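This report describes a single protein chain and the ligand that accompanies it. Please keep the structure in view while reading.

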Amino acid sequence: MTTDCDFLVIGAGVSGAAAASELAALGSTILLEMEDQPGYHSSGRSAALYTPNYGPAMVREICQAAGAFFDAPPPGFAEHPLLTPRGALTLGIDDPEGAIDALLKDAPPAHPIEEISLERAIELCPLIRPGVFRRAIYEPGVRDMDAAAIHQGYLRGFKARDGRLAVSAQVTALERSGGAWTAVTASGRFRAPVVVNAAGAWADRIGALAGATRIGLQPCLRTVILVEVPPEFCRPSQPVGEVIETWHYFKPEAGRILASPGDETPVDPMDAYPDDMVIAELADYLERHTLLKIERVLRSWAGLRSFVPDHCPVAGPDPRAEGFFWLAGQGGYGIMMSPVLGRATASLIDTGALPEDLKERGLTPADLAPGRAALRESAADAMG
Ligand SMILES: Cc1cc2nc3c(=O)[nH]c(=O)nc-3n(C[C@H](O)[C@H](O)[C@H](O)COP(=O)(O)OP(=O)(O)OC[C@H]3O[C@@H](n4cnc5c(N)ncnc54)[C@H](O)[C@@H]3O)c2cc1C
């Protein structure tokens with residue numbers, strides 16, 4: 001049996017859910033998810049931080065724009081605030097590339113970062129080992145995000161607009177005929193003139209099914225652990241600490257410390273799992289750079305952050321495959337960017353243009369396009 005609709009969205013992570021809820025306001029929309037629940041992959045494995053000064057300039061612009069949505073989501077979206085204060089301390093030992101000065105220089109007045117003394121840094125974050133770091137900067141605007149509530153908010157909005165979610169529906173083929181795409185899944189065939197590819201780490205594979213342009217997506221694995229610590233090392237107001245040279249980070253998480261080595265290991269798309277050696281090295285690093293004594297790792301997991309070569313997101317129509325739209329390459333910023341990219345995707349499909357507030361920020365469809373030069377060149381390299 002084939003089910004018809006106006007829009008098919010492939011992938012029910014935070015990106016697909018955000019786009020589907022916007023598209024459902026424009027026409028009948030079906031969201032296809034290969035797992036038996038939405039959010040099983042990257043969207044359910046993040047560090048859940050809102051970091052408005054992180055990533056390339058375009059990403060920062062999008063994340064800063066998204067702050068307005070998180071601060072005042074639509075009525076009924078969530079029962080409590082989506083962002084709560086956290087703050088971030090960035091610590092440097094040698095910083096040979098001058099990354100700390102670059103962060104200080106690039107921070108706009110609305111999202112300030114200031115240099116502070118190491119004594120003040122230790123007051124804010126008492127688990128820092130004295131004598132290890134030489135510089136510290138503080139960004140008060142970094143906040144914790146309720147990633148699960150954000151994801152659920154989109155799915156609820158989608159359902160309220162009569163959207164249909166089909167789980168256990170892995171897309172295994174995409175066929176175009178008579179001006180429409182048919183997605184073949186184990187749960188049936190679904191047909192629509194427009195398909196949105198929000199398949200996370202699998203997005204280039206979905207593109208290949210449609211004969212679309214290759215965007216050069218590289219999934220990278222990141223490891224996270226959760227450890228028990230004495231209460232004095234995990235105060236509720238304690239900022240996240242991160243180390244500029246290696247991107248190791250550690251932050252309070254419901255009375256425990258969540259830590260990551262900031263790893264970025266290239267892998268094929270998969271159900272990511274942590275490596276025991278990486279966890280052992282992380283425990284050793286934490287003992288040398290903080291006052292933590294890691295006796296037991298309570299939980300560990302890994303997730304994929306998928307990047308295209310310029311580390312900026314991809315949203316827009318494929319230059320080759322008619323009716324095929326990309327929403328991919330969200331890297332380590334996909335929860336933060338989701339409200340803006342969901343809205344941008346729906347607007348590009350509906351009118352070919354970006355919403356006015358994004359235009360005013362200097363964003364153009366060409367910046368987000370799957371056919372942009374940085375991605376074409378990498379696809380040519382891969383072929384040549
Ligand atoms: C350790 C870690 C920390 C992070 N920290 C942050 C953070 O602090 N802040 C932040 O904003 N971001 C963070 N991120 C990044 C963020 O999690 C991702 O950018 C975001 O979740 C990507 O969402 P997505 O919907 O594109 O991908 P996913 O959540 O992976 O969703 C893609 C979906 O597509 C489905 N799919 C794939 N193939 C098919 C198919 N053939 N048919 C049907 N469905 C298919 C998958 O099952 C999956 O559910 C972090 C990521 C990791 C791993």
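## Basis of the model

The model is predicted, so local features are described only at pLDDT of at least 70 and side-chain atom pairs only at pLDDT 80 or more, while totals for chains, interfaces and linings use all residues. Residues are numbered from 1 along each chain as its sequence is written, and side-chain values use heavy atoms, with hydrogens and water left out.

## Two domains

The domain assignment gives domain 1 (2-45 + 147-216 + 310-383) and domain 2 (88-140 + 218-307); such bounds come from an automatic or database domain assignment. Taken over C-alpha atoms, the centres of domain 1 and domain 2 are 31 Å apart. In the contacts between them, 15 residues of domain 1 meet 15 residues of domain 2, where contact means heavy atoms within 4.5 Å.

## The ligand and its surroundings

The ligand is surrounded by 38 residues, and the closest are Ser15, Glu33, Ser43, Leu49 and Gly331. Because domain 1 and domain 2 both give residues to the shell, the ligand lies between them.

A ligand nitrogen is 3.1 Å from a polar backbone atom of Met34, and one is 2.9 Å from a polar backbone atom of Val171. For Gly332, a backbone N or O atom lies 3.1 Å from a nitrogen atom of the ligand. Taken alone, the ligand exposes 1000 Å², of which the protein buries 97%; accessible areas come from the Shrake-Rupley method with a 1.4 Å probe, and for residues only the protein chains shown count as cover. The elements that give two or more residues to the shell are α1 (14-23), β15 (218-227), β20 (297-307) and α8 (334-351). Helices (H or I, at least four residues) and strands (E, at least two) are DSSP runs, numbered from the N terminus.

Arg305 is found in strand β20. Its relative accessible area is 10%, so Arg305 is buried; buried means under 20% relative accessible area, exposed over 50%, and partly exposed in between (1.4 Å probe, protein chains only). The side chain of Arg305 makes a polar contact of 3.0 Å with the side chain of Glu264. A polar contact is a pair of N or O atoms within 3.5 Å; within protein, one must be able to donate a hydrogen and the other to accept it, and residues adjacent in sequence count only if both atoms are side-chain atoms. Leaving aside residues up to four places away in sequence, Arg305 touches several residues, including Tyr54, Gly331 and Gly332.

Thr182 belongs to strand β12 (residues 180-185) and counts as buried at 7% relative accessibility.

## Two loop residues with positive phi

Asp162 sits in the loop between α5 (147-160) and β10 (164-166). Phi of Asp162 is near 70°, a positive value in a residue other than glycine, and Asp162 is exposed, with a relative accessible area of 68%.

Trp247 lies in the loop between β16 (240-243) and β17 (249-253), with phi near 65°, a positive value in a residue other than glycine. At 34% relative accessibility, Trp247 is partly exposed.

Technical notes
A residue is near a molecule or strand if one of its heavy atoms lies within 4 Å of it.
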